[in-house]
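Good morning, and thank you for coming. Please look at the structure on the screen, and I shall then take you through it.

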Amino acid sequence: MSGILKLEERAPQILYDWIGGETAVRALVERFYDLMELEPAYRELRALHPSTTAGSRDKLFAFLSGWLGGPDLYVQQHGHPRLRARHLPYSIGVLERDQWLACMAQALREREVDSLLATRLEASFANTADWMRNRSA
């Protein structure tokens, strides 16, 4: 067999390392929220958030850090994520789910996240985002 490995075999096993660690996760989160605040296509998603997104940015960064296999900052700061329970006060339907996914996909592209990793993340995000819906429409 040649010394050539499949792309999946060359990719780091820890997604946190693959994406580029703390700096890259922070940059992704910042771009996500910047897009949400700037793009009219994400208007309904933005309306679910407080007037200032600083706290939301910090929480998503902390959550993604641990979720990707890096430091478990969210658990250290806030306890178990209980994602669905924490999002129940917000009306999340298909539109909000789709806007979240589109905004994150755009942020992944703009941050030039490796395409294989982006595809894996988008699939995981889609499952979680659909599970977060608390209304049918």
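I begin with a definition: helices are DSSP runs of H or I with at least four residues, and they are numbered from the N terminus. In that numbering, helix H5 supplies the largest share of the lining of the largest pocket, namely 7 residues. Please keep in mind that what you see is a predicted model.

Let me turn to the chain as a whole. The secondary structure amounts to 9 helices and 0 strands, and reading along the sequence gives the pattern α-α-α-α-α-α-α-α-α. The radius of gyration is 16 Å, close to the 14 Å that the globule rule gives for 137 residues, so the chain is as compact as a globular protein of that length. Along the principal axes, the C-alpha atoms fill a box of roughly 55 × 30 × 25 Å. Of the 137 residues, 36% are buried. If we take the contacts between residues at least 6 apart in sequence, 68% of them join residues at least 24 apart.

The largest pocket has a volume of about 850 Å³. By residue class, the lining divides into 17 nonpolar, 5 polar and 4 charged.

Is Arg57 buried or exposed? Its relative accessibility is 9%, and because buried means under 20%, Arg57 counts as buried. The side chain of Arg57 makes a polar contact of 2.9 Å with the side chain of Asp34. Beyond its neighbours within four places in sequence, Arg57 is in contact with Arg26, Val29, Glu30, Tyr33, Asp34 and Glu37.

Leaving out residues up to four places away in sequence, Arg97 touches Ile92, Ala129, Asp130 and Arg133.

Leu68 sits in the loop between H5 and helix H6 (73-78). With a relative accessible area of 5%, Leu68 is buried. Which residues does Leu68 contact once its neighbours within four places in sequence are set aside? They are Ile14, Leu15, Tyr16, Ile19, Val25 and Leu121. For Ile14, the C-alpha to C-alpha distance to Leu68 is 7.0 Å, across 54 residues of sequence.

Finally, Thr119 has its place in helix H9. Its relative accessible area is 53%, and since exposed means over 50%, Thr119 is exposed. Thr119 and Glu22 are 97 residues apart in sequence, and their C-alpha atoms are 20 Å apart in space.

Thank you for your attention.

Conventions:
Residues are numbered from 1 along each chain as its sequence is written. This is a predicted model: local features need pLDDT of at least 70, side-chain atom pairs count only at pLDDT 80 or more; totals for chains, interfaces and linings use all residues. Side-chain values use heavy atoms; hydrogens and water are left out. Buried means under 20% relative accessible area, exposed over 50%, partly exposed in between (1.4 Å probe, protein chains only). A polar contact is a pair of N or O atoms within 3.5 Å; within protein, one must be able to donate a hydrogen and the other to accept it, and residues adjacent in sequence count only if both atoms are side-chain atoms. Contact means heavy atoms within 4.5 Å. On a 1 Å grid over the protein atoms alone, a cavity is a set of points where a 1.4 Å probe fits but cannot get out, and a pocket is an open set with protein on both sides within 12 Å along at least five of seven lines; lining residues have an atom within 4 Å of a point. Grid points are joined across faces, edges and corners, and a volume is the space filled by probe spheres set on the points. Helices (H or I, at least four residues) and strands (E, at least two) are DSSP runs, numbered from the N terminus. Ala, Val, Leu, Ile, Met, Phe, Trp, Tyr, Cys and Pro count as nonpolar, Asp, Glu, Lys and Arg as charged, and the others, Gly among them, as polar. The radius of gyration is taken over C-alpha atoms; the globule rule is 2.2 Å times the number of residues to the power 0.38.
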